[in-house]
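Subject: Structure for your files

Hello,

Please find the structure below. My notes on what was found in it follow.

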Amino acid sequence: MERLVFDAAAALTILFAGLMVMHPHPVKSVLALVVSFFGLAVCYVMLSAPFIAAIQVIVYAGAILVLFLFVLMLLNVGEETRGRERPIQRWLSAAALLVFAGLLLGLLRAHGASAPLSFGPLSGDVAPLARLLFSRYLLPFEALSVLLLAALVGAFVLAQREKGA
Amino acid sequence: MIGSIPLGDVLLASGALFTIGLAGALLRRSAISIFLSTEVMMNAANLALIGYGSAMGSREGQIIVFFIIAIAAAEASVGLAIFVALFRHKETIDVNKINLLKW
Amino acid sequence: MSAVDWLILALRVLIPLGVILTVVPMLGWAERRGAGLIQDRPGPNRVGPYGLLQLPVDAVKFFFKEDVIPANSDKVLYVLAPGIAVFAALTTFAVIPYGASLPAAGRDIPLIGADLSIGVLYVFALTSLSVYGIVLAGWASNNKFSLMGGLRSSAQIISYELAMTTAAAGVILSSSSLRLPDIIWAQERLWLGFLPRWNVVPQFLGFVVFFVSAFAETNRVPFDLPEADAELVGGYHTEYSAMKFAMFMMAEYVNIVVACALTVTLYFGGWSLPGFHPEGIVGAIVSILIFSAKTLFFVLVFIWVRWTLPRFRYDQLMRIGWKALLPLALVNLLWVAALILVRWI
């Protein structure tokens with residue numbers, strides 16, 4: 001039963017990611033991606049990671065993609081136009097993709113499904129996660145806050161209009 | 001939550017998602033669509049990490065994904081700021097036209 | 001799960017849903033009569049005794065009004081947007097505990113839609129999703145004023161979401177849990193024998209930040225510039241008529257009820273009263289009534305504030321959110337951490 005839900009959510013995710021890639025209008029493709037990320041959050045819940053699912057919705061679907069939408073709407077970015085580009089570029093990309101997909105499938109068939117479920121199922125509690133975060137991963141956590149501060153300042157500076165100074 | 005999802009399913013989904021993201025990054029011409037496809041690739045990696053974490057009974061996968069999501073947020077904001085600055089100058093987002101460094 | 005289990009699950013989700021949907025029109029009535037009271041005028045008093053039938057009559061009017069969809073709008077998104085707004089508003093109530101355990105049908109029924117281990121985070125996730133309803137409404141209307149109103153409104157919601165989440169983080173810290181029933185349980189005891197351990201007492205600053213942010217989250221005065229009539233026509237719902245407009249209004253009122261219910265749960269002990277231990281069915285019903293009374297009080301405060309205070313200008317609004325409320329919420333967090341360190345909480 002859980003497997004069914006996971007498969008359905010994963011299918012939804014992949015379908016809408018595909019829609020996102022194919023749709024020419026950037027706003028619609030961002031919205032397709034929102035649905036895709038929502039499906040991904042459901043997948044995370046099925047994999048015993050409800051906290052990460054909530055973070056995915058709050059941060060990815062609810063903040064990052066809203067930021068994308070803001071930029072798109074404020075800059076009034078229109079549909080992507082058909083351009084004069086050399087078709088060899090497209091053919092090479094398609095070929096590279098096929099090779100990559102083939103490699104991935106081959107790897108999966110050879111090794112992927114054989115990893116055993118060696119431990120019991122994880123509970124959905126948040127406390128063990130917090131314990132791990134603030135003990136073994138404390139340094140990356142603090143470094144992350146510095147990174148976020150740097151990104152904040154950087155984004156602010158980059159998006160300013162030039163004042164000639 | 002029961003960890004009864006076979007790992008093969010998770011990896012297949014993650015691989016398919018990554019391939020789709022890669023397709024978007026290779027085939028699209030608008031800078032923001034390429035950026036979005038990169039985000040899809042990152043999420044595919046997240047799915048694989050959580051799948052493995054769940055299969056091995058460890059929470060480390062979730063911790064790493066937590067960091068990845070935060071870093072993605074930082075990267076998206078800086079990337080969009082760059083995009084906004086670029087758009088102001090060039091009035092276009094077609095990456096084929098942004099070729100000032102071309103010889 | 002047996003059939004009885006499924007039935008109980010359905011009832012415990014659908015009954016509060018039904019209650020909220022019936023309370024919303026009554027809130028509309030209370031708003032308009034309350035406005036009249038504060039502004040020294042009668043308010044609606046033509047339709048039914050004391051104007052009580054005004055809102056049902058309005059609902060009928062909405063059903064019969066012509067449903068206009070602008071020509072160049074994006075039809076799918078235009079129709080979807082109010083649906084997203086209402087959906088996000090209603091589903092938030094699923095994690096709020098509205099009463100003590102009800103012993104019936106041979107088991108203890110928790111009076112909560114879904115007892116998630118990530119309770120409070122779920123609420124904030126849905127608040128993030130409600131932004132999409134507004135942004136899509138603004139953009140799909142193909143109208144400059146709608147777009148500006150939609151963008152302003154969503155920027156406002158995102159900014160105040162931060163202050164609200166940080167204030168709630170203080171509560172989470174003192175209760176050591178994200179689950180809302182745990183948060184209520186942590187407030188059930190007494191200090192010094194008579195003071196309730198409600199979180200509002202040690203975290204008064206956090207409560208103020210949370211409550212003010214709730215006004216901004218629900219687009220209510222004094223933070224309702226994005227939809228103010230004199231400024232932006234109607235903001236993001238300019239181009240909406242009839243039932244879709246009614247859905248936006250309904251979403252706003254449901255958001256108010258949910259914000260008040262959340263405030264009551266996080267800061268005022270939810271359904272519990274100090275010294276009151278609910279026993280059996282009677283206890284559960286009394287706890288539901290206590291919860292309803294507390295929530296109703298805060299909803300009336302919302303209405304009271306609307307007709308008392310002038311609205312903030314948009315730059316003032318953003319400045320308050322980022323430069324005043326967020327630092328205050330952080331100070332509150334430090335304060336709670338200090339209290340925990342000296343074991344006063």
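Chain A has 6 helices and 0 strands, where helices (H or I, at least four residues) and strands (E, at least two) are DSSP runs numbered from the N terminus. Along the sequence the pattern of chain A reads α-α-α-α-α-α.

This is a predicted model: local features need pLDDT of at least 70, side-chain atom pairs count only at pLDDT 80 or more, and totals for chains, interfaces and linings use all residues. Residues are numbered from 1 along each chain as its sequence is written, while chains are lettered from A and ligands numbered from 1 in the order in which they are written.

Chain A has 165 residues, of which 35% count as buried (20 or more other C-beta atoms within 10 Å of the residue's own, with C-beta atoms placed from the backbone). Of the contacts in chain A between residues at least 6 apart in sequence, 56% join residues at least 24 apart; a contact means C-beta atoms, placed from the backbone, within 7 Å.

Between chains B and A, 63 residues of chain B are in contact with 73 residues of chain A. On the chain B side, α1 (7-27), α2 (31-56) and α3 (60-90) each supply at least two residues, and α3(B) gives the most, with 21 residues.

Between chains C and A, the contact takes 18 residues from chain C and 16 residues from chain A. On the chain C side, α4 (119-140) and α5 (144-175) each supply at least two residues, and α4(C) gives the most, with 10 residues.

Regards

Definitions and conventions:
Buried ≥ 20, exposed ≤ 12 C-beta atoms within 10 Å, placed from the backbone. Contact = placed C-beta atoms within 7 Å.
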